[in-house]
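I am keeping notes on one protein model, one look-up at a time. Each entry says what I looked for and what came back.

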Amino acid sequence: MRHKGEQKTLSARREIVLAAGAINSPKILLASGIGEAAELQTIGIKPVVDLPGVGKNPQDHVDGMITVRSSSTRTLGLSLPNLPRVLAAPFQYFAGRKGMLTTNYVEAGGFARTKYANGIPDVQFHFVPGYRSHRGRLVEYGHGYAIHTCVLRPKSVGEVKLSGQASNRDVLIDHRFFSNEEDAKVLVEGIKIARQIFAASEFDAIRGTEMLPGKDVRTDDEILAYLRAGALTVYHPVGTCKMGTDAKAVVDPATLKVRGIAGLRVADASVMPKLICGSTNAPSMMIGQRAADMILGRGSSL
């Protein structure tokens with residue numbers, strides 16, 4: 001490692017637990033020579049362990065957004081009519097934990113089944129009671145609301161690898177969203193369901209103009225083109241150091257130890273072989289707890 005400009009070596013007496021996340025854990029392994037040997041050699045890294053599954057199984061929830069601009073100050077936003085509410089927010093929060101500053105911004109959510117679902121929900125909604133910029137700005141003047149729709153059970157699989165620049169080993173992330181056609185079909189249907197939600201009479205009092213995808217984007221092909229140009233990630237990456245027993249497995253499922261290396265475990269979302277149909281926060285904490293039990297040599301406390 002490099003600390004204050006100096007190269008230093010740290011040693012472990014017993015073992016090392018790598019918990020840098022689904023992006024940085026494979027990055028560290030690859031930079032250490034643990035990965036597919038032929039690929040490492042092409043970028044000038046000497047292979048230590050030929051482990052072809054490192055970085056090879058990333059999955060994430062792909063997301064499409066509908067954003068509506070409304071004139072109603074009942075929604076969150078910055079505007080002159082809303083200025084008194086904005087100025088009062090700090091005082092309301094510190095006095096009684098009330099007001100605008102109490103929002104977590106994603107105020108509600110839900111699950112739904114598209115026509116492609118096999119009996120269980122295949123899309124998830126996140127509702128934002130404020131205007132999400134159609135220009136991608138962090139802060140936008142005005143009011144509105146939005147729904148984010150994501151594919152819960154994606155079948156598309158990407159890749160995480162290192163750049164070939166030896167002086168700066170940046171990680172290269174290729175999600176390959178929609179490489180499986182079914183994911184695209186599911187998300188198109190999810191956007192159509194989200195529009196049905198916004199068409200409900202409950203939104204009449206704050207109804208406004210749909211900015212994204214926009215009223216002219218109606219057909220499946222038009223919606224898909226919008227998603228290909230502007231779909232995002234929900235930031236739930238997993239799978240890049242997956243557990244298992246097949247040729248692409250990186251860690252042993254019984255111990256979370258990296259195959260072919262003594263005294264090295266991985267304990268984060270990268271060990272999940274498949275993406276769960278929901279947020280990855282709680283499962284990641286469970287992985288950490290289970291790893292602690294393994295290290296201490298005790299049965300699971302979960």
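**Entry: strand β6**

I started with strand β6, residues 62-70, in a model that is predicted. I asked how many of its residues are buried. The count is 8 of 9, so I wrote the strand down as mostly covered, taking buried to mean under 20% relative accessible area.

Next I looked up the pairing of β6. Strand β10 is joined to β6 by 8 bridges, and the two run antiparallel. The partner of D63 in β14 is L232.

**Entry: E140**

I placed E140 in the loop between β9 (123-128) and β10 (142-151). Is E140 buried or exposed? Its relative accessibility is 9%, and because the limit for buried is under 20%, E140 counts as buried.

I then listed what E140 touches, leaving aside neighbours within four places in sequence. The contacts are R69, Y131, S133 and R135. With R135, too, there is a polar contact between side chains, and I wrote its length down as 2.2 Å.

**Entry: cysteines**

How many disulfides does a search of the whole structure find? It finds 0. As background, I noted that a disulfide is a covalent bond between the sulfur atoms of two cysteines.

I checked C150 to see the reason. Its closest cysteine sulfur is in C277, 10.0 Å away, which is too far for a bond because a disulfide needs the two sulfur atoms within 2.5 Å. I made the check from the other end as well: the closest cysteine sulfur to C277 is that of C150, again at 10.0 Å. I also compared their surroundings. C150 has 0% relative accessibility and counts as buried, whereas C277 is at 33% and counts as partly exposed.

**Entry: F111**

I found F111 in strand β8, residues 108-112. Apart from neighbours within four places in sequence, F111 is in contact with P121, V123, Q124, L152 and C277. I also took the distance from F111 to H126, which lies 15 residues away in sequence. From C-alpha to C-alpha, the two are 9.2 Å apart in space.

**Entry: cavities**

I wanted to know about empty space inside the model. Rolling a probe the size of a water molecule over the atoms shows where empty space is left. The search of the whole structure finds 1 cavity of 30 Å³ or more. The volume of the largest cavity is about 40 Å³. Which residues line the largest cavity? I wrote down I23, P58, Q59, D60, V160, I173, H175 and P237.

Most residues other than glycine have a negative phi, and most peptide bonds are trans. I looked for exceptions to both.

For the peptide bond, I found a cis one joining L212 and P213, with omega about -5 degrees. P213 is in the loop between β13 and α5 (220-230).

For phi, I noted K4, whose value is positive and near 55 degrees. K4 sits in the loop between β1 (2-3) and β2 (6-7). Its relative accessible area is 76%, so K4 is exposed, the cut-off being over 50%. R176 also has a positive phi, about 55 degrees, although it is not a glycine. I placed R176 in the loop between β12 (171-174) and α4 (181-198). At 36% relative accessibility, R176 counts as partly exposed.

**Entry: the whole protein**

Last, I collected the totals. I counted 6 helices and 15 strands in the secondary structure. The protein has 302 residues, of which 42% count as buried. Its C-alpha atoms fill a box of roughly 65 × 50 × 45 Å along the principal axes. Among contacts with a separation of 6 or more, 63% are between residues 24 or more positions apart.

Notes: Residues are numbered from 1 along each chain as its sequence is written. This is a predicted model: local features need pLDDT of at least 70, side-chain atom pairs count only at pLDDT 80 or more; totals for chains, interfaces and linings use all residues. Side-chain values use heavy atoms; hydrogens and water are left out. Helices (H or I, at least four residues) and strands (E, at least two) are DSSP runs, numbered from the N terminus. Buried means under 20% relative accessible area, exposed over 50%, partly exposed in between (1.4 Å probe, protein chains only). A polar contact is a pair of N or O atoms within 3.5 Å; within protein, one must be able to donate a hydrogen and the other to accept it, and residues adjacent in sequence count only if both atoms are side-chain atoms. Contact means heavy atoms within 4.5 Å. Two strands pair if DSSP finds at least two bridges between them. On a 1 Å grid over the protein atoms alone, a cavity is a set of points where a 1.4 Å probe fits but cannot get out, and a pocket is an open set with protein on both sides within 12 Å along at least five of seven lines; lining residues have an atom within 4 Å of a point. Grid points are joined across faces, edges and corners, and a volume is the space filled by probe spheres set on the points.
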